[in-house]
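Work through the exercises below with the structure in view, trying each task before reading its solution.

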Amino acid sequence: MAYQTINPFTNQLIKEYPSHTQADIDAALEKAHALYQSDWAKGEIDQRLPVLHKLADLLDQRTEELAKIASEEMGKLIAQSRGEVQLCAQIARYYADNAKQFLAPVKYPSDLGEAWVEHHPIGVLMAVEPWNFPYYQLIRVLAPNLAAGNPVLVKHASIVPHCAEAFEHLVREAGAPDGAYTNLFISSDQVSAIIEDDRVQGVALTGSEKAGAAVAAQAAKNLKKSTLELGGNDVFVVLDDCDMEKAVKVGVQARLQNAGQVCTAAKRFIVHEAVADTFLEKFRAAFEAVKLGDPLDESTTLGPLSSADALKTLTEQVNAAVEKGAKVLTGGKPVDHKGNFFELTILTGITRDNPAWFEEFFGPVAQVYVVKDDEEVVKLANDSHYGLGGAIFSQNIERAKRLASRIETGMVYINSLTDTAPELPFGGVKRSGFGRELSDLGIKEFVNHKLVVISNA
């Protein structure tokens, strides 16, 4: 597997990175395990938290530099790259400020005696992370686990090696000891072998359903805890009592952020029949007003897809959907450009026998479905293999809350796109994975919840 930086706007190779050797992997495992056994990991949390405070400061100071690296490497608009780096700083600072409280002992009333649960690290973790948020995905794993005392090994996506390297250097500069965080340019087979190692006690993956299934199977085979954040086919529900201008504006953003390459992006727009014509007219006009271009140009509103492979996959999906009866309202094909651009596309008329009904489209392609009432909203929303996020637009908040409770996903936002924040848990159900990252839930995924009882007997 070649780790390469290829600018997706020009498809020019910028740099190739050598893979790590087996000797490198052995050394990384040894350092990580030695750190886990030390007082730094198992002692007081106060000695670890300053690293996160320093890391947050460094992320703030280096925002422009890191943002440019991400935009050149995977095509994210420069403003969105800046926002990602700033969010990473917020996450690091959040755990620096709150981890001690989250991991404090919890008392449990019991007739057996004085009882409490302590929270301890479990050991070295293996993380496998994707390219679409090349820093945010890393900080989601690092920040809570560094606070908890779990050393982390990371295999990042092969198309964002510069981001991976830059992040590792930043963690070291923040004062993390040797073994606390190690970036590895390795293959999937090498990841599998690392999971088998007795020194590794947990696995976290964000990525495709196929990758998640393989990693989860390997973790289960070796009796290791795992968390998975996989794909999504999120709904964006537009009810007949919505604020239409807001629904259209946010809907465009929800579908096109990061060129549509977001697990929690709005992908299936479910629109009440009473407002369907109005929504489609405004939505199409907004799509057609978007400016494609260089992600480093501040005026660009849609950058390229992350790679030539991503463009090929999306093209094949759209072609297959059309062959099975989907109607193209606008767009529908790759853009004639040296970079990896796909036209902003709206598909309608998708039936349940069309593969598009169940697939995740990772790019600027929106599916629009028209329904007659709230029951149809729920039925269509839940007829999915995925269950990650979702959004509901309605000015009747009680109605929206009732729908939110019935939609089978890990997250639902009312009158907003599916978002993220350090203090809010992130994750899904069904084939979107299991476990949660961020918030107080995220830091407790990979800790030993140890019960201690002083007996009354």
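**Exercise 1.** Find which residues of helix 3 meet which residues of helix 6.

*Solution.* Leu49, Val51, Leu52 and Leu55 in helix 3 are in contact, that is, have heavy atoms within 4.5 Å, with Ile139, Leu142, Ala143, Leu146 and Ala147 in helix 6. By class, this contact holds 9 nonpolar, no polar and no charged residues. This is a predicted model, in which local features need pLDDT of at least 70 and side-chain atom pairs count only at pLDDT 80 or more, while totals for chains, interfaces and linings use all residues. Residues are numbered from 1 along each chain as its sequence is written, and side-chain values use heavy atoms, leaving out hydrogens and water.

**Exercise 2.** Describe how the axes of helix 4 and helix 7 are placed.

*Solution.* The axes of helix 4 (residues 63–74) and helix 7 (residues 161–173) come within 9 Å and cross at roughly 160°. Helix 4 and helix 7 are therefore roughly antiparallel, a term for angles over 145 degrees. In helix 4, Leu66, Ile69, Ala70 and Glu73 meet Pro161, His162, Cys163, Ala166 and Leu170 of helix 7, and the residues of this contact divide into 7 nonpolar, 1 polar and 1 charged.

**Exercise 3.** Which residues of helix 7 are buried, and what covers them?

*Solution.* Buried (under 20% relative accessible area, with a 1.4 Å probe and protein chains only) are Pro161, Cys163, Ala164, Ala166, Phe167, Glu168, Leu170 and Val171. Their cover includes strand 1 (3–7), strand 2 (12–17), helix 3 (49–61), helix 4, helix 6 (136–148) and strand 7 (181–183). Just after helix 7, Gly175 takes a positive phi of about 105°.

Key: Axes are lines fitted to C-alpha atoms, for helices over the stretch in contact, and angles run from 0 to 180 degrees between N-to-C directions. Helices (H or I, at least four residues) and strands (E, at least two) are DSSP runs, numbered from the N terminus. Angles under 35 degrees count as roughly parallel, over 145 as roughly antiparallel, 65 to 115 as roughly perpendicular and the rest as oblique. Ala, Val, Leu, Ile, Met, Phe, Trp, Tyr, Cys and Pro count as nonpolar, Asp, Glu, Lys and Arg as charged, and the others, Gly among them, as polar. Buried means under 20% relative accessible area, exposed over 50%, partly exposed in between (1.4 Å probe, protein chains only).
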